[in-house]
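Morning, everyone. Please have the model up on your screens. I'll go from a pocket to the fold, then to one residue.

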Amino acid sequence: MDTIQERTEEQNLPYSVFAKACPSRATLEHVTGRWGGLTLCALLEGSLRFNELRRRVDGVSEKMLSQTLHALERDGLVHREAQPTNPPRVDYELTPLGHGVAEHLKGLVDFMESRMDDVLEARTRYDETRGGL
């Protein structure tokens, strides 16, 4: 674990994801990783329970979704609300910071979805000239 002095020194440095020791790099990985981005975009639709979120993010395992939510919560992007009911009810929603990040990701998602025909054409051209993958 980092010492208090190391953390203090780290906080005084300008943030740059290109710097190996910059804490922004880990957060960027949480946000842009396979499940982080999808989870944040799904939560733009509103508060979701764990299983609702798991169904919305098709293909994510329970373990990976749990790890993703923990990382996003630790980074201050997701808020976890546990209700004292039987059985327990846990809801997840974006924090204001998470909402800002998710809005940017949603723009990228929308752009990619709108340009998939171009991507698929490029893949076909590439595969035809290079013999495929």
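A definition to start: Ala, Val, Leu, Ile, Met, Phe, Trp, Tyr, Cys and Pro count as nonpolar, Asp, Glu, Lys and Arg as charged, and the others, Gly among them, as polar. With that, the lining of the second largest pocket splits into 5 nonpolar, no polar and 5 charged residues.

Now the ground rules. This is a predicted model, with local features needing pLDDT of at least 70, side-chain atom pairs counting only at pLDDT 80 or more, and totals for chains, interfaces and linings using all residues. Residues are numbered from 1 along each chain as its sequence is written, and side-chain values use heavy atoms, leaving out hydrogens and water.

Back to the pocket. A pocket here is an open set of points on a 1 Å grid over the protein atoms alone, where a 1.4 Å probe fits, with protein on both sides within 12 Å along at least five of seven lines; lining residues have an atom within 4 Å of a point. Volume is the space filled by probe spheres set on the points, which are joined across faces, edges and corners. For the second largest pocket that comes to about 210 Å³. Which residues line the second largest pocket? Leu38, Cys41, Ala42, Glu45, Arg56, Val57, Asp58, Lys106, Val109 and Glu113. Helix H3 (34-43) and helix H6 (96-114) each give two or more of the lining residues.

Next, the fold. Helices (H or I, at least four residues) and strands (E, at least two) are DSSP runs, numbered from the N terminus. The chain has 7 helices and 3 strands. The order from the N terminus is α-α-α-β-α-α-β-β-α-α.

The 3 strands make an open sheet, ordered E1-E3-E2, with antiparallel pairing. Strands E1 (48-49) and E2 (78-83) are the edges, each pairing on one side only. Pairing requires at least two DSSP bridges between two strands. E1 joins E3 (residues 89-94) through 2 bridges. Leucine 48 has tyrosine 92 as its bridge partner in E3, and arginine 49 stands opposite aspartate 91. E2 and E3 pair over 6 bridges. They form a hairpin with 5 residues between them. Glutamine 83 faces arginine 89 across that pairing.

Burial next. Buried means under 20% relative accessible area, exposed over 50%, partly exposed in between (1.4 Å probe, protein chains only). Of the chain's 133 residues, 23% are buried. Is H3 enclosed or open? It is largely enclosed by the rest of the structure, because 8 of its 10 residues are buried. Among them are Trp35, Thr39 and Leu40. Cys41 and Ala42 are also buried, and both line the second largest pocket.

Last, arginine 54. It sits in helix H4 (residues 50-56). At 32% relative accessibility, arginine 54 counts as partly exposed. Contact means heavy atoms within 4.5 Å. Leaving out residues up to four places away in sequence, arginine 54 touches Val60, Ser61, Glu62 and Leu65. Its C-alpha is 9.7 Å from that of alanine 42, 12 residues apart along the chain.

One number on contacts across the chain. Of those between residues at least 6 apart in sequence, 42% join residues at least 24 apart.
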